[in-house]
Amino acid sequence: MKKILVANRGEIALRVMRTARKMGIATVAVYSEADQYMPFVKFADESECIGPAPSSQSYLQMDRIIEVAKRLGADAIHPGYGFLSENAKFSEACEQQGITFIGPSPYSIETMGSKIGAKQSAKKFNVPMVPGTDTPIEDLAEAQRIAKETGYPLLIKASAGGGGKGMRIVNNDDELESQLLMAKSEALNSFNDDSVFIEKYVASPKHIEIQVLGDKHGNCVYLFERECSIQRRHQKLIEEAPSSCLTPEVRKAMGECAVNAARSCNYHGAGTVEFLVDDNLNFYFLEMNTRLQVEHCVTEEITGLDLVEQQIRVARGETLSFTQDDLSIKGHAIELRICTEDPMNNFMPDTGRLTVYQRPKGEGIRVDDGYEEGMDIPIYYDPMIAKLVAHGANRSEAIEKLSQAIEAFRINGLETTLGFGAWAIRQPAFVEGKFDTHFIQKYYKPEYLQAFSDQEKTTAALMATLIAKKRNNPVKPLVQDVSAWKLKR
Ligand code: MV4
């Protein structure tokens, strides 16, 4: 494998290219007209514009991407996450053109791409499921029979749904018929597939996912878990590894179930098996993501593995160089997704120019990002501009490091979720690990962020005064000492 075309943009494109370069593999960037000055384009050994800004005319243009790969002699394509990363047709097209797709087989992508198919596959290997069905609900009578078994509340879920789309909660028999009809019509409109299934509603679950890695020779390991419960409208904001609630026994059981789910679809490459976990640490299979995830960094920090390197090694046919027994958790890592959204305004997307963009540095601090100071943030793509990861010997050290890194991160010119991160990791529920997927609804209000940043400003002012007194210096203007995200409040 001499040259990899990265069919993605921003931070993940740059991250993949850094690993490729570390491995002595040349890189090709494909970019839209809006991205021509982006760091990932400059970093690549070769680059080519594949179309106008909208993803549908650029990063989703399968044929154009494959044409560039063939013309420039790329023998592999890394899809990153999002875009074409879970498109079985793209994976198939690459293989047909003799280009190695750095990811799982079309069969694995296809099988896990439908929630019903994923459940049927995982069930063959006795992976625990939420009580409900793994076949499409054909009519009301069947739904009523299932509802008698599961009880209420229950969820009607679209098989082709994802990210929380295509889910309806039903609280009693009276609501069942109308909700079933609406769920089916929504599924047809949104996903062109009206198959829906029923699951017992698991109240206040944690979202815990297991990273798996398989090679093409039947070896498959789990790389422990990630806790991803702090989400807003199914968009993850803070992820950590390991979870603060799992016991070693449950961790092992979940890991082995995740490996079984992977084996059920002959998985190779890096993948993630998602579970719901209830208060009694019962875990239930949700779905499997057949791609590298945004939050893979926290797993890298606690295992010491470079997951993109592992993906490349697996793609070129290598056998995993370690067994499950070789793997252990080292410390604790927490990631904050830095998005150009305004937490004071219902996380509305913001745009503008990074007039100031200065990364924090320090032992155990990692910033995966895709922009430089002075750049305009294009409106066409995902609002996440950076991932700030802190690794410590234990969870409280990781929290402290992340908190300090957030304070040191200088971003001006647009609103970001930095302040939300500072607030969230200081909440008692977070510090004590007593939170679930309802954390934001339960604990967050913009005025709390306001109060928190005011309090932080006051503390900073007091500290500056005390330090100045101690030095017998006149108090310098405080503006220099207060971090950027607080200044805006
Ligand atoms: C559930 C659930 C409770 N019970 N299924 C949300 C998106 C998709 N991954 C599945 N999701 C859920 N499925 C049952 N049977 C609660 C959720 C859910 C959720 C799951 C994980 C992370 C965040 C969530 C936010 C809302 C609902």
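1. Let's start at one end of a sheet. Strand β18 and strand β19 (residues 384-392) pair in the antiparallel sense, over five bridges. Two strands count as paired if DSSP finds at least two bridges between them. Helices (H or I, at least four residues) and strands (E, at least two) are DSSP runs, numbered from the N terminus. For a spot to look at, find valine 367, which stands opposite leucine 388 in β19.

2. A word on what you're looking at: this is a predicted model, where local features need pLDDT of at least 70 and side-chain atom pairs count only at pLDDT 80 or more, while totals for chains, interfaces and linings use all residues. Residues are numbered from 1 along each chain as its sequence is written, and side-chain values use heavy atoms, with hydrogens and water left out.

3. Now the whole sheet. Its eight strands form an open sheet in the order β13-β12-β9-β10-β11-β14-β19-β18, with antiparallel pairing. At the edges sit β13 (283-289) and β18 (365-369), each pairing on one side only. From one strand to the next, the twist averages 25°.

4. Helix α12 (residues 395-408) lies across β11 (235-241), β14 (332-339), β18 and β19, and runs at about 140° to β19. Contact here means heavy atoms within 4.5 Å. Axes are lines fitted to C-alpha atoms, for helices over the stretch in contact, and angles run from 0 to 180 degrees between N-to-C directions.

5. What surrounds the ligand? There are 17 residues around it, and the closest are Lys157, Glu199, Lys200, Val202 and His207.

6. A polar side-chain atom of lysine 157 lies 2.9 Å from a ligand nitrogen. An N or O atom in the side chain of glutamate 199 is 2.9 Å from a ligand nitrogen, and for glutamate 287 the distance is 3.2 Å. The protein covers 91% of the 510 Å² of accessible area that the ligand has on its own (Shrake-Rupley method, 1.4 Å probe).

7. Most residues other than glycine have a negative phi, and most peptide bonds are trans. The bond from tyrosine 152 to proline 153 is cis, with omega near -5°, and proline 153 lies in the loop between α7 (140-150) and β6. Another cis peptide bond joins alanine 241 and proline 242, with omega about -10°. Histidine 234 has a positive phi, near 65°.

Conventions: A residue is near a molecule or strand if one of its heavy atoms lies within 4 Å of it. A polar contact is a pair of N or O atoms within 3.5 Å; within protein, one must be able to donate a hydrogen and the other to accept it, and residues adjacent in sequence count only if both atoms are side-chain atoms.
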